[in-house]
Amino acid sequence: MNLKLRLIILSFLQFGVWGAYLTSMGNYLGSVGLGSKIGLFYAMQGIVSIFMPAIMGIIADRWIQAQKLLGISHFLAAIFLIWAGYYGMTAGEHVEFSRLFLLYSLSVTFYMPTIALSNSVAYTVLVNNNFDTIKAFPPIRTLGTVGFICAMLFVNFAGIKDGIFQFNFSNATGFPSFQNSYSQFFVSGVLGILLFIYSFTLPKCEVNQSTEKRTLSDALGLKAFALFKEKKMAIFFIFSMFLGVSLQITNGYANPFITSFKEIPEFSNTWGSNNANALISLSQVSETLCILLIPFFLKRYGIKKVMLMAMFAWFLRFGLFGLGNPGGGVWMFVLSMIVYGIAFDFFNVSGSLFVDKETDKSIRSSAQGVFMMMTNGFGATIGMLGAQEVVNHYVFSQTDPLLQLEGWKTSWYIFAGYALIITIAFAIVFKHKHNPNELKDIKH
């Protein structure tokens with residue numbers, strides 16, 4: 001099989017595993033009385049992202065070939081998630097938070113480091129076969145987002161009714177879609193098992209035979225924390241954490257919010273309220289397209305303006321959720337999905353490029369680790385725990401569907417207000433003079 005095609009399949013499955021439940025798990029949790037705990041489930045992803053990728057990186061560097069460790073990690077993650085699905089199936093509406101949370105936590109503990117491991121495998125295989133990674137890797141990674149979208153759409157439209165597996169593209173008649181049940185865990189687990197098997201067919205990634213010891217401190221990138229001594233970098237990393245607060249909020253709460261419109265007679269049979277995951281998948285489509293715009297915008301406007309665009313896009317992302325509905329206001333939901341690509345890509349990818357340009361080669365990898373730790377680790381964890389408090393106060397403390405809907409709108413406005421404050425503060429505090437020549441090697 002063509003080598004690039006093999007890596008595309010790897011990337012497709014890697015993110016398909018995640019897409020099967022990331023945006024719909026909140027809906028299932030709400031259906032079994034755990035809506036008030038949604039933030040804890042998503043915060044766990046951030047917590048394990050702080051240390052597990054570093055630990056697995058050391059193991060892959062020194063003891064176990066990366067493609068094998070990738071497979072083993074996916075196997076363990078899949079087993080625990082399938083176990084969580086089985087528990088959900090047998091428990092019905094009587095799901096215990098502690099048991100489900102433990103199984104889910106063990107699953108993401110082994111899944112989250114596979115994102116870095118799969119990238120490492122792809123880079124190693126490409127380099128070993130004399131490919132230019134800058135040209136060859138982006139299309140491979142893009143197909144990963146396609147895998148994420150396909151998994152989202154599958155759990156949205158697939159279901160088991162009267163004991164028969166079937167697809168329903170309207171869901172307006174009470175179709176038992178996988179997006180509303182424990183079945184999404186089974187879908188993710190099956191994809192994980194497939195990737196476990198597939199990983200062992202990939203080319204070998206040799207371990208480092210060097211006698212030089214790499215400590216956990218090195219792997220965590222703690223040396224790069226010296227960058228906090230530089231005012232500009234310290235401000236950038238701190239604001240990265242502040243903006244990282246927004247990263248997981250819509251993953252956790254967008255689906256339960258849109259689905260809640262089914263309780264309102266006016267919107268109960270609208271396509272959007274019954275197909276929340278499909279509607280949300282437009283965000284990933286936008287993400288795939290917006291990444292192509294980054295070289296042009298960075299070259300023309302510089303990192304500060306591009307980051308400001310991302311921050312303001314988060315303001316629009318949340319604000320449009322508060323204003324929209326799945327009926328006549330569905331266009332606001334669609335627009336919110338479109339701006340997500342700018343909000344996510346312009347922040348993550350541009351921020352990574354900025355760190356790469358502003359740091360010394362000797363600590364560049366560690367500096368990237370700090371950026372990821374501040375955003376997807378600390379920022380996302382704080383964001384989900386904070387969002388949980390807001391949503392619990394305004395939404396899940398209410399029992400009347402109309403009052404809950406008002407609570408959802410209030411929550412989205414609070415999140416939008418936070419994003420706007422961060423945008424204004426960043427514009428005032430962060431000082432950076434754009435020099436287009438510094439980015440001359442970025443092609444568009």
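I take buried to mean under 20% relative accessible area, exposed to mean over 50%, and partly exposed to mean anything in between. I looked up Phe371 with this cut-off: its relative accessibility is 1%, so Phe371 counts as buried. The model I am working from is a predicted one.

**Overall form**

I began with the secondary structure and found 16 helices and 2 strands in the protein chain. I then checked the radius of gyration. A compact globule of 444 residues would come out near 22 Å, and the protein chain has 21 Å, which agrees. The C-alpha trace spans about 60 × 50 × 35 Å along its principal axes. I noted that 55% of the 444 residues count as buried.

For contacts with a separation of 6 or more, I found that 79% are between residues 24 or more positions apart. The accessible surface of the chain is about 19100 Å², and carbon and sulfur atoms make up 66% of that. I also looked at charge: there are 30 positive and 21 negative charges, and their mean positions lie 10 Å apart.

**Phe236 and Phe371**

Phe236 and Phe371 form one of them, a stacked pair with 5.9 Å centre to centre and 20° between the planes. Phe236 sits in helix H9 (residues 231-244) and Phe371 in helix H15 (residues 364-396), so the pair ties together parts that are 135 residues apart in sequence. Phe236 has 1% relative accessibility and therefore counts as buried.

**Helix H10**

How many residues of helix H10 are buried? I found 11 of its 11 residues, 249-259, to be buried, and I put the helix down as mostly covered. Among the buried residues of H10 are Asn251, Tyr253, Asn255 and Thr259, along with Ile249, Pro256 and Phe257.

**Two loop residues with positive phi**

I next looked for positive phi outside glycine. Asn130 has phi near 65° and is not a glycine. Asn130 is in the loop between helix H5 (97-128) and helix H6 (133-157). Is Asn130 buried or exposed? Its relative accessible area is 73%, so I recorded Asn130 as exposed.

Asp162 is another such residue, with a positive phi of about 55°. I found Asp162 in the loop between strand S1 (158-161) and strand S2 (164-167). With 72% relative accessibility, Asp162 counts as exposed.

I looked up Leu316 and found it in helix H13 (residues 294-323). Its relative accessible area is 31%, and Leu316 is therefore partly exposed. I checked Leu316 against Ala343: the two are 27 residues apart in sequence, and their C-alpha atoms are 9.0 Å apart in space.

I then turned to Leu403, which is in helix H16 (residues 401-429). Leu403 has a relative accessible area of 46% and is partly exposed. Which residues does Leu403 contact, leaving aside its neighbours within four places in sequence? I found Tyr394 and Gln398.

How values were computed:
Residues numbered from 1 in each chain as written. Predicted model: local features only at pLDDT ≥ 70, side-chain atom pairs only at ≥ 80, totals over all residues. Heavy atoms only, no water. Helix = DSSP H or I, 4+ residues; strand = E, 2+ residues; numbered from the N terminus. Rg over C-alpha atoms; globule rule 2.2 N^0.38 Å. Buried < 20%, exposed > 50% of the residue type's maximum accessible area, 1.4 Å probe, protein only. Contact = heavy atoms within 4.5 Å. Areas by Shrake-Rupley, 256 points an atom, 1.4 Å probe, with all protein chains shown as cover. Lys, Arg positive; Asp, Glu negative; His and termini not counted. Charge placed at Lys NZ, Arg CZ, Asp CG, Glu CD. Phe/Tyr/Trp six-rings, centres within 6.5 Å; stacked < 30°, edge-to-face > 60°.
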